[in-house]
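Thank you all for coming.

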Amino acid sequence: MQSISIKHLNRLSRRLFCTRPLRVLGIETSCDDTSAAIVSSDHRILSEVVHGQQELHEPMGGIVPTLASAGHSRNLPSVITKALEDANLNAQDLDAIAVTRGPGLPPCLPVGLNAAKTLAAVLKKPLIGVHHMEAHALTARLTCQQAPYPEFPFMTLLISGGHTLLLTANSLGNYNTLATTLDDAVGEAFDKTARLLNLEWVKGRRGGPGAALEQAASLGDPTRFMEYLPQPMLQRNKSVLSFSFSGLKSKVAQLVKKDKIVDLTKPKDVNDMAAAFQMICIRHLEQKIGLALEEEIVRQKKPLTAFVVSGGVASNALFRTR
């Protein structure tokens, strides 16, 4: 949330004399998932509803923004209704309406924004615009199951289909960007490599082609094709805090299409290449995280309290275990 949003909630809390926790409806339509949740100011998620669109986008090989926007328009009313039902609340019980204002796909963001504006106007509730990346950075302060939640300052890695960003969160609205990608986001590289390997999406699982690549990698040997793939910035520029995944993805394309090193008709070839690609991406992330931690521990006047990983790629099981 932006600082102005916190001020709105603080004023609202004073008006209610803090007799109960505030309840906020959040609406998210930045990409393909149509989502709504109701959260409270005492760090509880009262309800969370997600409507995926796999059936729309898998035949197209990836997310089609116009199709996603149309899907949001169809699904959002029922998603919001179910979020209220699951929380056992009426619309008038809400204290504010929050919505992703960006970044995101241009055709998709207005669906949620227009719905939130309408609800806020009709219900006479404050409207809170949430920055997508800031929400990722701060989400552990809401969802952390272990008390206490991360206190400032902490370091966070945001890894998704659109972003690879390493930063320190010093306070609400106060962040230091440490590193970003020079080309593709790590999630984008996962998705494009999954398409190069002709991987089918995993039925009933969110994550699209990236989740399909993770599943294939779990069945493969990461060492078999490792020597064919570049190790982004691992041997050179060791002190540079930047990410780069485009060259790695392009090399996979060369091995598949030109050199014919990988036979897509052989599941073992596909799984082994997926495993090698995934492992190199994770090693690249690990190296830059290590460099950033070394620098920030020296630079920070106050010690870092936590390291937070968020975004869609944060669900990758191998990365989480490492």
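What you see is a predicted model, in which local features need pLDDT of at least 70 and side-chain atom pairs count only at pLDDT 80 or more, while totals for chains, interfaces and linings use all residues. Residues are numbered from 1 along each chain as its sequence is written, and side-chain values use heavy atoms, with hydrogens and water left out.

Let me start with the protein chain, whose secondary structure comes to 11 helices and nine strands; here helices (H or I, at least four residues) and strands (E, at least two) are DSSP runs, numbered from the N terminus. Of the 322 residues in the chain, 48% are buried, where buried means under 20% relative accessible area, exposed means over 50%, and partly exposed lies in between, with a 1.4 Å probe and protein chains only. If we take the contacts (heavy atoms within 4.5 Å) between residues at least 6 apart in sequence, 67% of them join residues at least 24 apart.

Now to the helix pair. Two packed helices are described by the angle between their axes and the distance between the axes. Helix α3, residues 65–86, and helix α4, residues 109–123, pack at an angle of about 35 degrees with their axes 9 Å apart, the axes being lines fitted to C-alpha atoms, for helices over the stretch in contact, and the angles running from 0 to 180 degrees between N-to-C directions. On the α3 side the contact is made by Ser69, His72, Ser73, Leu76 and Ile80, and on the α4 side by Val111, Gly112, Ala115 and Leu119.

Which helix is mostly covered? That is helix α8, residues 208–217, where nine of the 10 residues are buried, among them Leu213 and Glu214. The buried residues of α8 pack against α7 (186–196), α10 (267–299) and α11 (317–321).

Turning to the aromatic rings, the count comes to four aromatic pairs, where rings of Phe, Tyr and Trp (its six-membered ring) pair if their centres lie within 6.5 Å, and planes under 30 degrees apart count as stacked, over 60 as edge-to-face and the rest as tilted. One of these pairs, Phe225 with Tyr228, is tilted, at 6.1 Å centre to centre and 55 degrees between the planes. Phe225 counts as buried because its relative accessibility is 3%, whereas Tyr228, with a relative accessible area of 35%, is partly exposed. The rings of Phe243 and Phe245 have their centres 6.5 Å apart and their planes at 10 degrees, so this pair is stacked, and both Phe243 and Phe245 are buried.

Finally, I come to two residues in strands. Val49 lies in strand β3, residues 44–51, and counts as buried at 11% relative accessibility. Leaving aside neighbours within four places in sequence, Val49 is in contact with Thr34, Ser35, Ala36, Val79, Lys82, Ala83 and Asp86. Ala169 is found in strand β7, residues 164–171, and is buried with a relative accessible area of 0%. Not counting residues up to four places away in sequence, Ala169 touches Phe152, Pro153, Phe154, Asn174 and Tyr175. The C-alpha atoms of Ala169 and Glu134, which are 35 residues apart along the chain, are separated by 9.3 Å.
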